[in-house]
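Q: Could you take a close look at the cavities in this one, and at the helices around them? I'd like the cut-offs spelled out as you go.

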Amino acid sequence: MILVGACVTSVGISISVWAEYQDIGMQVFFRRSDLLGDYVHSPLAYVFNMSLIIAGSCILLAMYGLYLLKLGDFSHFLSITGSWVGLSIMLIGVFPINYLDEHRLVSTSFLLATFVLHLVTISTRFTHKEICSRPLFILAIFGFISASGLIYQLDWNILDFAPCLHEEGDVCWVALNMWLQTNITMLWCVLLALNIRKLAIKQHDVESQKQMSGW
């Protein structure tokens, strides 16, 4: 389900970015990613928002599956935090930037969820290495740094970021960091799915051997 969610999100974002690229070129990457969900100004906002809803739902189901595997307390922490991320992603699709107040709340929820998620992932590396592989650990460090930067840049009075007031073509670091955090979160889901799949297969083999020895 995580792989399906990641694929759906990648396709939806790619289609939306391509549509915007036809109008503004590379400037699309210097705009906040959530602007792709603006029904007024983004030509394929419905594709972007629907992909977020589907991806969030897939992540929620996948985290429920991870919880049922009972790989230890830290896997439960990961599944709960991952469910928080999935729910936030789904709600961002439900409440795009046109619903400004609700969008600010769910976007802040996503930001805090990813911050906690990467922190838990880093902690898991030191307690349950079988759950957190080295690539996932390295990715979590970058995700933690990215989320920390966004939390620092967030205006907590309005739960939003200051607009990028610059000349066209200048770099908007907030926008780039948001794009980075989005891609890191998707890649984190894929790496976790691959790790958990290996653990699930290993756990199944161990249980099968126990059953055979019982006979």
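A: Here is a walk through the cavities, then the helix contacts and the annotated spans.

Quick ground rules: this is a predicted model, where local features need pLDDT of at least 70, side-chain atom pairs count only at pLDDT 80 or more, and totals for chains, interfaces and linings use all residues. Residues are numbered from 1 along each chain as its sequence is written, and side-chain values use heavy atoms, with hydrogens and water left out.

There are two cavities of 30 Å³ or more. A cavity here is a set of points, on a 1 Å grid over the protein atoms alone, where a 1.4 Å probe fits but cannot get out, and lining residues have an atom within 4 Å of a point. Points are joined across faces, edges and corners, and the volume is the space filled by probe spheres set on them.

The largest cavity holds about 500 Å³ of space. It has 30 lining residues, and Ser33, Ile92, Phe110, Met178 and Thr182 are the closest to its centre. Two or more lining residues come from each of helix 1 (2–24), helix 2, helix 3, helix 4 (100–127), strand 2 (160–161) and helix 6 (173–214). Those elements are DSSP runs numbered from the N terminus: helices are H or I with at least four residues, strands E with at least two. By class, the lining splits into 17 nonpolar, nine polar and four charged residues. Nonpolar means Ala, Val, Leu, Ile, Met, Phe, Trp, Tyr, Cys and Pro, charged means Asp, Glu, Lys and Arg, and the others, Gly among them, are polar.

The second largest cavity comes to about 40 Å³. Its lining is Glu20, Val28, Arg31, Arg32, Leu35 and Leu36, that is, three nonpolar, no polar and three charged.

Now the helix contacts. The axes of helix 2 (residues 45–69) and helix 3 (residues 73–94) come within 7 Å and cross at roughly 165 degrees, so the two are roughly antiparallel (angles over 145 degrees). Axes are lines fitted to C-alpha atoms over the stretch in contact, with angles from 0 to 180 degrees between N-to-C directions. This contact has 13 nonpolar, 10 polar and no charged residues. Helix 3 and helix 4 have axes that come within 8 Å and cross at roughly 160 degrees, so this pair is roughly antiparallel too. Their contact has 15 nonpolar, 11 polar and no charged residues.

Finally, an unreviewed UniProt entry places "transmembrane region" at 43–69, 76–99, 105–124, 136–154 and 174–194; such annotations may be inferred rather than shown by experiment. In the model, residues 174–194 are 100% helix, with end C-alpha atoms 30 Å apart.

Note on methods:
Angles under 35 degrees count as roughly parallel, over 145 as roughly antiparallel, 65 to 115 as roughly perpendicular and the rest as oblique. On a 1 Å grid over the protein atoms alone, a cavity is a set of points where a 1.4 Å probe fits but cannot get out, and a pocket is an open set with protein on both sides within 12 Å along at least five of seven lines; lining residues have an atom within 4 Å of a point.
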